[in-house]
Amino acid sequence: MNKIYDVLIIGAGPAGLSAGIYAGRSRLSTLIVEKDKDGGQIVITSEIENYPGCLEGESGPTLVDRMVEQAKHFGVEKVYDEIVDVKLDGKEKVLVGKKGEYRGKALIIAGGASSRPIGCPGEKTFTGKGVSYCATCDAPFFEDFEVFVVGGGDTAVEEALYLTKFARKVSIIHRRDELRAVKSIQEKAFANPKMNFIWDSVVKEIKGDGLVNSIVLENVKTGQLTEIKADENDGTFGIFVFIGYVPKTKLFEGILNLEKGYIVTDENTKTNVEGVFAAGDIRVKSLRQVVTAASDGAIAAVQAGKYIESL
Amino acid sequence: MLVLDKTTFEPEVLKGEGYILVDFFGDGCVSCEALMPHIEELSNKYKDKLKFTKINTSKARRLAIGQKVLGLPVIAIYKDGEKIDELVKEDATAENVEKMIQKYV
């Protein structure tokens with residue numbers, strides 16, 4: 001536990017693993033601290049179509065498995081622990097976890113983001129009881145049931161399409177009157193006979209009795225409320241929420257510069273604290289994708305290497 | 001851990017006596033996979049206190065829905081056939097599961 005690593009990395013998603021691969025390959029002693037499971041967001045992603053080199057059929061977990069293998073190949077160490085405190089001032093960066101303390105000369109924060117909740121009554125109560133943020137985890141429960149997908153971006157529409165393989169009907173609930181997803185995904189969605197669209201609407205409440213059995217929608221243009229009840233034979237339906245993410249930056253409040261919760265960095269992923277870098281979904285950026293996370297990780301590792309040399 | 005399926009769940013859990021832990025998991029659920037080794041560990045630590053079981057819901061969908069399980073992972077505690085406590089999805093961490101177990105042993 002007293003070893004001082006060259007590079008500490010928080011998070012084993014694409015950004016953290018990519019940073020690990022670059023740091024390990026540069027012969028920097030590297031430790032990745034992961035809270036719960038390798039891969040982060042992409043392991044709950046049904047299909048990865050847009051990461052260069054990923055052809056049809058590539059899933060989040062298969063891609064991550066190879067990244068993990070690659071990092072291991074370069075001698076990167078990994079520990080599963082949740083960081084509860086950080087000491088970033090001074091030459092030695094210290095991460096305090098529930099199981100131990102980790103010390104390093106440089107720190108790369110790649111803790112990512114978690115799904116953004118709707119924030120309506122009933123949502124928390126019925127999480128895992130009809131409300132889900134992970135189609136690959138929970139879609140099989142809804143075989144032949146009805147499912148609602150909240151959101152209109154790439155993730156929402158792609159996951160809705162994945163859900164059509166299970167559910168008999170998938171309705172997208174979107175607060176605008178058009179989708180934000182890229183055109184190729186939209187085309188697939190509009191061509192799929194199981195897909196249905198509820199425009200200009202937001203979820204106001206989720207109700208049920210043990211399991212979800214109704215959802216209250218508000219039309220944002222007219223203010224009209226509509227309650228949709230579960231089919232009597234089904235007794236329940238699914239509500240899958242894909243309306244963006246919340247960065248995991250609580251630990252860094254008051255230490256690092258944040259903007260809307262995201263860590264502010266320069267284009268070299270440097271934060272306002274010497275020797276501390278941020279990579280992936282956790283930082284302020286215009287595009288949050290596997291490819292940009294991997295790119296950030298590479299830059300952060302190289303910058304961390306330069307910083308260590310300058311010490 | 002005792003591996004259950006849709007035919008053995010009823011005799012082992014719903015008609016079981018005392019405290020029984022059930023790990024509901026599914027195919028392709030990475031969170032379930034990540035949690036499983038921790039539950040195995042807990043099963044070694046607490047095996048004298050309660051019965052540890054697991055069931056693949058991908059092969060027992062109706063049963064899971066009947067137990068009001070519609071999202072994974074779920075770690076539930078049954079007492080004399082009744083579900084008395086559970087941890088669902090993000091709340092189902094190794095730490096929380098151990099705390100839940102300690103309430104009943």
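**Close-up 1. The largest nonpolar core of the predicted model.** This core has 121 residues. Ala19(A), Ile108(A), Ile109(A), Val147(A), Val149(A) and Val150(A) are the residues with the most contacts inside the core. Seven of the core residues come from helix α6 of chain A (residues 290-310), which gives the most to the core. At least three residues are drawn from each of two domains of chain A, namely domain 1 (4-115 + 245-310) and domain 2 (131-241).

**Close-up 2. Surroundings of Val147(A).** Val147(A) is among the residues with the most contacts inside the largest nonpolar core. With neighbours within four places in sequence left aside, Val147(A) is in contact with Phe142(A), Leu163(A), Ala167(A) and Val170(A), and also with Phe237(A), Gly238(A) and Phe240(A).

**Close-up 3. An open sheet of three strands in chain A.** The strand order is β12-β13-β14, and the pairing is antiparallel. Strands β12 (201-209) and β14 (225-229) of chain A are the edge strands, each pairing on one side only. From one strand to the next, the twist averages 25 degrees.

**Close-up 4. The pairing of β13(A) with β14(A).** Strand β13 of chain A (residues 211-219) runs antiparallel to β14(A), and five bridges join the two. In one of the bridges, Ile215(A) has Ile228(A) in β14(A) as its partner.

**Close-up 5. Contacts between chain A and chain B.** On chain A, 20 residues are in contact with 18 residues of chain B. Helix α3 of chain A (residues 135-138) supplies the largest share of the chain A side, three residues. By residue type, the chain A side divides into seven nonpolar, eight polar and five charged residues.

Note on methods
Residues numbered from 1 in each chain as written. Chains lettered and ligands numbered in written order. Predicted model: local features only at pLDDT ≥ 70, side-chain atom pairs only at ≥ 80, totals over all residues. Contact = placed C-beta atoms within 7 Å. Helix = DSSP H or I, 4+ residues; strand = E, 2+ residues; numbered from the N terminus. Nonpolar A, V, L, I, M, F, W, Y, C, P; charged D, E, K, R; others polar. Pairing = 2+ DSSP bridges. Axes fitted to C-alpha atoms, helices over the stretch in contact; angles between N-to-C directions. Core = buried A, V, L, I, M, F, W, Y, C linked by C-beta atoms within 7 Å. Buried ≥ 20, exposed ≤ 12 C-beta atoms within 10 Å, placed from the backbone. Domains from an automatic or database assignment.
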